[in-house]
Amino acid sequence: MIGSDNSKPLLEVENLKVTFSTRRGLVEAVRGVSLSLQPGEMLGLVGESGSGKSVTGFAITHLLDKAGRIADGAIRFKGQDITRAGGADLRSLHGAAMSMIFQNPRAALNPIRTIGQQVADAILAHRRLSRQEAQAEALNLLKAVQIRDPERRMSAYPHELSGGMCQRVMIAIAISCSPQLLIADEPTTGLDVTTQKVVMDLLAKIAAERGMATILITHDLGLAARYCARVVVMEQGRLVEEAAPLTLFHRPQHPYTKRLVAASPTATSRIEDLVPDGDGIPLIEVTELPPPPHGTPLLLDVKNIVKRFDDGTIGVADFSMTMRGGESVGLVGESGSGKSTTSRMICRLLDPSEGEILFDGQSIGGIPARDFHRSELRKDIQIVFQDPNDSLNPRYTAFDCIAHPLYRLMNMRSGDTMRQRVEECAERVGLPRELLSRFPHQLSGGQKARVGIARAIACKPRLLVLDEPTAALDVSVQAVVLQLLNKLRREDNLAFLFVSHDLNVVRMMCDRTIVLRTGAIVEQGESRALFANPQTDYTRELVDAVPHIAPPMALQVCTV
Amino acid sequence: MSTIETSSTLRHTAFVLRGNPVTAIAAALALLLALMAIFAPWLAPYDPIASEVSAALQPPSAAHWFGTDQLGRDVLSRLIVASRLDLTIAVTAVAVSFALGSIVGALCGYAGGRLDKAVGRFVDVLMAFPLFVLAMAMVAALGNRVENIVIATAIINLPFYIRFARAEVNIRRNLGWVEAARACGESHVAVVLRFLLPNVLPAMAVQMSLNLGWAILNAAGLSFIGLGVKPPTPEWGIMVAEGARFISTGRWWLVAFPGLALMSAVLCFNLLGDGLRDILDPRMRT
Amino acid sequence: MGTIGATLLRAGRRFVSSLPALFGVLVFTFLLMRVLPGDPAVFFASGPNAGKEEIEVIRRQLGLDKPLPNQLVIYLTDVARGNLGRSMMTGQAVAKDLKERLPASLELTLTALLIALVSAVPLGVIAALRPGSLVDHGVRLFCSLGVCVPTFVSGLLLIYVFYYLFGLAPDPTGRIDIFASLPPQRTGFLIIDFLLAGDVEGWWAAARQLMLPAVTMALFVIAPLARITRASMLVSLGSDFVRTARSVGLSWWRIVVTYALRNAILPVITIAGIVFSTMLGANVLVEKVFSWPGVASYALDALLVSDYAPVQGFVLLMATIFVIVNLLVDVLYGIADPRATVA
């Protein structure tokens, strides 16, 4: 435990239980959580989706939806019981004593009120000032959160600001009446890595300057490790472990924490480390592939492709790359870098405006995307999509999804061969046979991801394009899926074009990496070398911004 | 696979109906209306057209439950027989505009470009008219006949289906499973007709049910102002129009009963539409 | 200043972008005229008994012997000059007839709109503030029933109850008792003209006459308006930014009105155009039920005697009003929502 035990805690939560009434009766989201927080401390509350971490935060601030209710337990703020606080008591707590910042900052701001007015509203909620004084104060706050050109931004609307800027405004609103406790619920999820770092640094600095205690709710162990002195891990509504980050990462006690720590990719972890006890799929022998013999023809040769959209914007400007059979190449970039557009052009779902794409020596760039479904090569280039929720037809069962390419591209008609093949694919991706008759909404995120992968490999393609295949998954599921992909790749000698914003994942999965920015290649090279020793400022910035699991001190030890 | 889907849909429907009695009642009422329309000639106690001047303008009684009109015709009998015409007009009009609108809209939403722009302009022009007035003008222009009421009602419904299908397809065209279908070797046309349309249909069915109610109101409104249906044909709108002359003298039954018939038909389709929304949403299936 | 400029710019652009639709409306009405049964030349002749030669002359004058595109040009020029043809029924120019009757229709429609807005928005807000309460169920029941009753039926039933049963309402025909003296015409809106003339008794008579038809028409649109207000208010109250407002301890009033309601009103503005379209349609029915001397009953009377020029003029007028209303709605939306970009 860090922090002196003799000082009185700012916040004490005792055996907190929260229930939600749903169509299927009461659901217990938080099942007895106890924690305490010292003034000025930053506590990390970490867990995967459904762990109850956000619900805990909302229960503390009394911002649960109507369906949610604190069923049991006590919340004490500065020694005062606020568990059942309501009405005026709550109003004087909100903003003045504790406030909150949220995920998705743009939605958290009123879209039709100016930034200045909204900050001033928050100030006027607790302080007797005139509108002008409040506006002046608001301007100071915008300066404090380092908003560029704050005078002009005062009259801007949220939609005119970037996500990172909106989150800064949100921080300004939250700290406007100097609360002693700030709860940050996934404050940087959805922001680009570089923005993420800037916003978190700012948040940490402000909290430190003002002596504000902070609870950082996040799914990202690395993020919590970087900024918090103490981390609490939650699973299924329960608190499973509490420790300083170093202890937590080097000597996790609880089995869940062990799994979670292992599954979180770090700057040095390898695919095989992610799931130590081979949860779900049998562990596979990982052997380094021998380099392809000299003279093997290129599998993919992309020459100077350009994509101009109808409205004149340029999505991709002059992109070239080559790939050999069985090779794995990462395509990395922040949002708007053109990585998805590029991958769509390569798998022939989108037409390039200029340039040439050769697959196995054959020109395929010239075949319009509209007609490519008839090409012999359609089954050789397949794709796995980002969000598993969107990537399966809601009216198809898992079986239908996997059978679809077999039916269209291999001309297999329903029958025993088809059934056998589908079941074989399902088995290869670790999808239990009895799930095949289910519809997508009856499957979990990880199961949907497996169906998507089974569909893509059903026709034994030679090139698999993976568009952020694990971005929407929890880390523990991501770990399993990454391992699975790696296994399949080695078994079938598949070539991977791996599109991702997550540098750690790309480093593990790919032999080579290409860094994209605003549609152009910034840097490319062998993955390990590229991340260990980036040549351009932009890549260095990207690499630095990645929160690593090991806290700063340990990081130094590692790199030495 | 389809057997699995059907049985799970049935089970889900039963589940939703149990939890939502209003929809069950609406569905039962809709069925009742349909049966009434089909068996109208056998259900009507009197001849709906035969007049008997001696029994004119009688209030509801045991012999004439809903009273008689100015020519002594039985209001109940006319009401029952009228359901045929009213429902036929509404159902035909909605079916036509649904079939046409959903396909055109889906193609526009998927393809975009010139076709989309041209159709968009056409829809804009239609929508620039107050729709009832447009229907009125069309019936006047095309000729004062029942077929033209159907055509006019279908045309004023068209913009909604086109826009609706267009929007629904447009938000889905770039979803993973649509692109996946193409990666599985489907052509654009197949993607629209076999993948996008079936996914959009549930939402369209809701719209269709709600539109049926609206179509009934429109058709009745047109015949109320003297377009389309001619006396002595029994039709709810025209019955109200004929009864309107006697309302100031307190003959309420001439207006109230056909009005009630109109209202319950529209209400039943509206409630059914709301209920369908719940049933057809596959995400709520368990 | 900047916002006013932007609004004007928006209005201008929006007007320009509605021109194609307006042109489409003209072409459409022209085409309707061409399919209409009967010979347009006959309408413009001195009377139904005009001689063959006279009709021939008129036909040539009107250019009806020319090909269709030329006729379209002639039609457009006529419309631009305000020439909508002549009514057989009244023997006057259609444009003049319409102009005389338009205030009656507008007075009715605008009063109804006012009644509808004033009752629907609070109803929707109250229902949304207490979802699942008795008030909420009441509002929802009212909304469900409201959209189902045709205007002509509700109008007639209101007459039965308030005129026949209780005798509270005056004789449901026309805007004012035919023997009453009219105020000097300034706006054409009776309740305003009476007020300007200082004639309280006349004003009361006109207002009583207006009440039933206006309520009838309002009833039909209260339901959709209240329904959308309730729905969008619920979305608004459950939104992230209202949660933010709560998290910093803003007052109840500020949360509900400044944060929730102002956002919730946006969808209401968007559907106001459609609601107005419904009202212009309902206008036809209500004017018939209450023998209201407006443009719609004029067109209906003409329709029944196969006098088509007034019908076309009416359709064109309605479409023009509707285009203008949509323009207004759009400009209003632009003011209410800073996110709205100039299309």
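How many residues lie between strand 19 of chain A and strand 20 of chain A in the hairpin that they form? There are two residues between these strands, and A:Thr518 in the turn has a positive phi of about 40 degrees. The model is predicted, so local features need pLDDT of at least 70 and side-chain atom pairs count only at pLDDT 80 or more, while totals for chains, interfaces and linings use all residues. Residues are numbered from 1 along each chain as its sequence is written, and chains are lettered from A and ligands numbered from 1 in the order in which they are written.

**The sheet as a whole**

**Pairs of strands**
- Two strands pair if DSSP finds at least two bridges between them, and strand 17 (residues 463-467) and strand 18 (residues 495-500) of chain A do so in the parallel sense over five bridges.
- Within strand 18 of chain A, A:Phe498 is the bridge partner of A:Leu466.
- Strand 13 (residues 328-332) of chain A runs parallel to strand 19 (residues 512-517) of chain A, joined by four bridges, and A:Leu331 stands opposite A:Ile514.
- Strand 19 and strand 20 of chain A are antiparallel, with six bridges, and A:Thr513 has A:Gly525 as its bridge partner in strand 20.
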